Amino acid sequence: MELIHKTETQRWFNPVLFAGMLLFAFYASTHMVAAGDTWVAMACGRHFDNHGVDTVEPFSFNSHPAGPSDKTLEKYPGWTRGIIKKWHPTGWINQNWLTHLIFYKLASWFGDDGSYNYNTLVYWKFSIYFLAVICIYATGKLMGAGDFLSAAGACFAMVIGRTFYDIRPSGYSNLLVPAFILLLALTLYKNYRLIWLLVPLVVFWANVHGGYLYAFMMLVPFVGIHILLQIPRRWSICMGFVGLWLVLYLMSYQFINNNNYLQVQKILGNNEAVPALFKDKILIVWVILAAISVTLTILKSIRSAPFYAYHIGAGLIYFVSIAPRLFLAQIPGNLNPQYKDIYSSFISTSQMSFLFVFVIGGLLVMAMALKKERFIALPIKGIYHTLGAGIVAFLAMIIFNPFHLTNLTHTFEISLSKHAESWRQVNEWKPAFDFMDKTTNTPNPVGEQEAFGVLCILMGIALVVWLVTYFIQPRPDNQDRRNRKKQPQKNSPGIFSWPKIDLAMIAIALLTMYMAIRSRRFIAIAGVACPVLALFIQQGWQMVTTRIQWKRAGLLQPIPFSPTVHLFIRYGTVVVILGLAVFWTTKYKRIYLDPWPTDDRYNTVFMRMTASHLKPFGVCEFINNNQINGRVFNYWTEGGAVAFGQKPDPKTGQIPLKLFMDGRAQAAYDHKIFRLWQMIYSGGPPARKAIRKHGKIPPEQMKEVAKWIDKQLKRNNVWTVLMPYAQENSTFMKALRAAKNWRTAYIDLTWRADKVSARGQVLLVDTDTPQGQTLIDNILKDKIVFHDAYSKNLTTATVIMETQYSKRYGDLYKLAKGALDEHLCPFSVQLMGRVAGIIQFRENVVEDFKFLTADFVQNQTSYLNEDGSILHIVAVDNAARYLAKFLPEEKEHYQKLIIQLREESMSLNKNRIW
């Protein structure tokens with residue numbers, strides 16, 4: 001029975017719900033999310049398209065070597081070596097290879113004259129979430145939540161994941177997780193043979209994203225619970241508790257074997273070796289408790305009360321015996337603050353995981369004590385088919401993948417290795433809620449947690465209400481016949497039967513939510529719990545109102561909504577959908593289709609949605625035009641864009657200027673490379689020492705930091721550094737600015753570094769190297785090829801001032817004015833302001849700034865309706881500041897103009913963010 005039932009004359013409501021779901025999927029796809037992985041995908045996809053899929057990494061000088069090598073294979077028999085090379089390759093393991101190829105093909109197929117059409121990737125994103133919302137809705141319908149609540153749950157799922165939906169391979173997992181859950185629902189509610197669709201789903205999933213492991217993870221509780229539901233009740237309790245205790249042991253063993261834990265134990269002086277997995281005392285306790293449990297189950301003479309009492313008591317005793325490993329772990333006071341925060345976070349998340357598994361696992365196992373007919377269960381044949389499909393899918397995943405078995409082992413290596421916690425210090429791997437992250441006091445910049453927090457609260461409330469109402473079922477046979485009316489038969493028409501429990505789907509929903517609580521990147525898939533939430537609300541309402549109806553009138557029927565309420569909900573839904581449709585489509589037009597004030601060059605829908613106007617397009621053209629090669633120390637999350645922007649060797653696919661590292665992390669690099677990048681970027685031991693002593697790095701200490709960084713770069717044969725200008729205030733860039741041998745060779749900055757929106761790229765070269773000094777000399781002699789006049793004028797002027805090349809001081813005004821005329825932006829104005837420091841140019845600069853401000857005031861309306869209007873506004877703002885300084889008698893006039901410009905830019909910024 002649905003809360004909102006249909007009549008023959010009101011079938012129009014279903015298309016309205018469908019339109020509403022597509023509208024929410026559209027809304028979910030409109031969020032602006034940075035595109036770091038998108039550019040890695042494009043670089044990899046181009047390589048695969050041109051050279052095929054292999055393990056030879058073409059972008060970095062620090063990446064995994066392809067293998068296994070002959071030396072590695074020496075320990076294996078000769079006849080196995082060819083098999084190992086084919087079925088367990090090593091090197092660059094790109095689990096997302098097919099997504100990368102699809103991205104590149106989409107952009108290149110629909111491009112014109114050799115250019116790429118990146119907007120096709122936006123259409124891909126919309127398609128993904130249109131399909132995802134339908135899968136979530138269909139799951140709710142199959143489970144019995146009804147049309148309205150299923151649609152509402154699907155829409156809520158889109159809101160929950162919206163800020164995490166970006167254009168990257170994980171988008172496929174955001175679709176395939178709901179598709180997988182739908183497949184399980186079809187298997188359970190329609191036909192168990194449909195589970196064989198798992199095979200093609202997993203094969204495709206395993207080639208587009210590493211998240212395919214989710215399918216196998218959730219098959220375990222799905223199959224396990226249905227097996228427990230088919231065996232006798234006592235065996236269900238026995239096997240459930242024995243399995244739960246084993247999982248708790250494995251979690252505790254993984255905790256004490258973690259690299260962070262072992263390092264801290266050494267600091268504490270606890271040098272005892274971690275016991276072997278099968279020689280641990282806790283495992284012996286598990287064996288004893290499991291043996292007693294099996295014995296009690298076999299002995300039919302043992303009554304239910306002592307049987308259940310033993311399992312509850314043994315579970316508590318086992319928990320008390322194993323919990324001290326996690327809950328008594330010490331945190332030394334002498335750890336450095338940064339590592340102390342990381343270790344504290346590791347301790348707290350491990351403790352939370354342990355408690356969650358103990359409590360939820362215990363409740364799920366205790367549910368097995370209910371009568372079997374209270375549960376929705378797969379038939380025995382359905383379990384056999386599910387096991388068979390799982391095994392075939394597992395084998396097919398290995399066979400139909402270019403990396404074969406390594407595609408699986410690589411996933412476990414990055415998830416469970418001793419360095420896994422270190423990799424997870426990046427923001428997207430941190431806990432869902434900011435208060436759980438002990439490593440920082442600032443909000444996590446990746447996604448938003450609020451909607452997921454609402455889901456957690458609603459799920460908790462709905463689950464408690466559902467449990468309470470489930471166990472207060474009316475008992476007509478036990479009622480005092482004198483105090484009730486004639487009791488209708490339970491099977492009579494209109495009689496409400498207490499719903500059966502779908503324990504497996506409930507467990508999967510809770511586990512998925514737990515994954516999201518542990519790591520916020522999984523909030524994107526947490527919406528698959530919404531069908532279960534919708535079901536709890538549906539069944540909870542029915543059970544509560546049936547209980548009330550029974551008390552009032554002796555009827556086993558839910559209280560229906562009145563026709564007026566039905567009409568209000570239906571027409572209210574229509575009004576809400578129409579209102580949101582108008583509001584969201586209007587906002588989409590304003591932000592993505594109208595003139596974009598943020599940038600006047602890179603302003604397609606894709607560029608706006610992914611902030612890709614910040615990517616290093618210009619500097620890559622500079623690298624290509626001047627055939628710069630060798631090694632570069634780059635900002636690691638920008639590496640993919642730098643790789644894609646270069647022209648690779650047509651024969652090998654190798655790029656000329658090799659990266660230090662990029663965002664592929666474990667897929668292409670050892671953990672030690674990641675740590676080395678972090679150490680160099682942070683300034684290493686000299687920077688740590690200075691900060692520990694002074695709280696910051698004094699100027700005299702910065703030179704020591706610069707020497708240390710320079711030494712590390714030279715040791716790695718790095719002669720170029722490429723950084724986004726937004727990193728100009730980092731320790732790394734401040735140190736290089738203090739070094740005499742590192743000079744700017746390219747700059748295309750448009751915005752000031754003291755602004756959040758600072759953007760542009762800076763290429764530095766080591767003039768201690770012949771190629772570095774030659775590049776600087778050629779810039780001063782105008783022998784370098786630039787892709788546009790703005791970057792040429794800006795770079796040349798910067799190099800003249802940095803090197804104090806007096807022979808070209810007379811060119812500074814011409815260069816600065818050329819940059820301003822070519823691209824009116826804040827930094828071109830600032831460059832003019834710096835040139836005004838040379839007295840012979842000041843009068844010209846003042847006249848240029850007066851013309852600039854007067855022209856803007858006169859033509860303000862037309863300028864505000866152009867692309868890049870914020871750049872124009874802030875440029876005029878900067879010019880007015882200089883004029884207020886140079887012309888004191890007109891200071892008040894320019895200060896008023898500055899206030900007006902600031903308000904205008906803030907308003908434009910606010911209205912162009914979604």
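This report describes selected features of a predicted model, from its nonpolar core and a sheet to cysteines, loops and single residues.

Residues are numbered from 1 along each chain as its sequence is written, and side-chain values use heavy atoms, with hydrogens and water left out. Because the model is predicted, local features need pLDDT of at least 70 and side-chain atom pairs count only at pLDDT 80 or more, whereas totals for chains, interfaces and linings use all residues.

A nonpolar core is taken here as a set of buried Ala, Val, Leu, Ile, Met, Phe, Trp, Tyr and Cys residues joined through side-chain atoms within 4.5 Å; buried means under 20% relative accessible area, exposed over 50%, and partly exposed in between, with a 1.4 Å probe and protein chains only. The largest such core holds 293 residues, and those that touch the most other members are Met 158, Phe 180, Trp 205, Tyr 214, Phe 452, Phe 633 and Phe 732. Helix H6 (residues 119–143) supplies the largest share of this core, 13 residues; helices (H or I, at least four residues) and strands (E, at least two) are DSSP runs, numbered from the N terminus.

With contact meaning heavy atoms within 4.5 Å, and leaving aside neighbours within four places in sequence, Trp 205 is in contact with Ser 173, Leu 176, Val 177, Phe 180, Gly 211, Tyr 212, Tyr 214 and Ala 215. Helix H8 (residues 170–189) has end C-alpha atoms 29 Å apart, which agrees with the 28 Å that its 20 residues should span at 1.5 Å a residue, the expected span being 1.5 Å times one less than the number of residues. Of the 20 residues of H8, 18 are buried, so that the helix is mostly covered.

**The sheet**

Five strands form an open sheet in the order E2-E1-E3-E5-E4, with mixed pairing, where two strands pair if DSSP finds at least two bridges between them. Strand E2 (657–659) and strand E4 (742–747) are the edge strands, each pairing on one side only. Strand E1 (residues 630–634) and E2 run parallel and are joined by three bridges, and Val 632 has Leu 659 in E2 as its bridge partner.

**Cysteines**

A disulfide is a pair of cysteine sulfur atoms within 2.5 Å, and by this rule the count comes to zero. The sulfur of Cys 530 is 9.9 Å from the closest cysteine sulfur, that of Cys 155, which is too far for a bond. Cys 825 is likewise in no disulfide, the nearest cysteine sulfur, in Cys 620, being 19 Å away. Cys 530 is buried at 1% relative accessibility, and Cys 825 is buried at 0%.

His 47 is placed in helix H2 (residues 36–51) and counts as buried at 5% relative accessibility. Not counting residues up to four places away in sequence, His 47 touches Gly 52, Asp 54, Val 56, Pro 58, Phe 59, Trp 92, Thr 652 and Gly 653.

A cis peptide bond, with omega about 5 degrees, joins Gly 67 and Pro 68, and Pro 68 lies in the loop between H2 and helix H3 (70–73).
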